[in-house]
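Let's work through some exercises together, one step at a time. Have the sequence and the 3D view ready.

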Amino acid sequence: MAVLHRHGFNREAVALRENFGGTNFYVPKRPSQTDRYVSVIGMDAAQVLADELGGITVAIAQENTSRIVILRDRVRLFSLAGIPVRVTAVVLGVTERCILRHRVILRNAGVRFPKVTNSNPFTNSARKVQ
């Protein structure tokens, strides 16, 4: 899970994916030692999940879909930083259309992005039409 990776729990994220990959998983607001997933990832990682995702059901990605989750998280970070779609696509090695699709998915999930102004020096919005 991207949440665990962001907080440095890489091994725990892999263990969670290996044990629960491809399933829907409820993240309780207060993890306990008796929870099955806590025995897999440990209480510290479980608390990180509870802090960020507590009270909701998430889909645990299988190995082949984890790349999409990581890409979407990077698109979110680039977009929140105000980096244009074209630059994000070049840096991440995907098409602009791919970036726009991920932004729509993120926007539908409630993420709001700052407006990016057009920095193309060849366009002149003040040009008079004759």
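**Exercise 1. Find which helices and strands supply at least two residues each to the lining of the largest pocket.**

Step 1. Helices (H or I, at least four residues) and strands (E, at least two) are DSSP runs, numbered from the N terminus.

Step 2. This is a predicted model: local features need pLDDT of at least 70, side-chain atom pairs count only at pLDDT 80 or more, and totals for chains, interfaces and linings use all residues. Residues are numbered from 1 along each chain as its sequence is written, and side-chain values use heavy atoms, with hydrogens and water left out.

Step 3. Helix 5 gives the most to this lining, with 6 residues.

**Exercise 2. Decide whether Ser-79 is buried or exposed, and list what Ser-79 touches.**

Step 1. Look for Ser-79 in helix 5.

Step 2. Its relative accessibility is 2%. Buried means under 20% relative accessible area, exposed over 50%, and partly exposed in between (1.4 Å probe, protein chains only), so Ser-79 counts as buried.

Step 3. Leaving aside residues up to four places away in sequence, Ser-79 touches Arg-103, Phe-113 and Pro-114 (contact means heavy atoms within 4.5 Å).

**Exercise 3. Identify the residues with which helix 6 meets helix 7.**

Step 1. From helix 6, take Val-85, Arg-86, Thr-88, Ala-89 and Leu-92.

Step 2. Their partners in helix 7 are Glu-96, Ile-99, Leu-100 and Arg-103.
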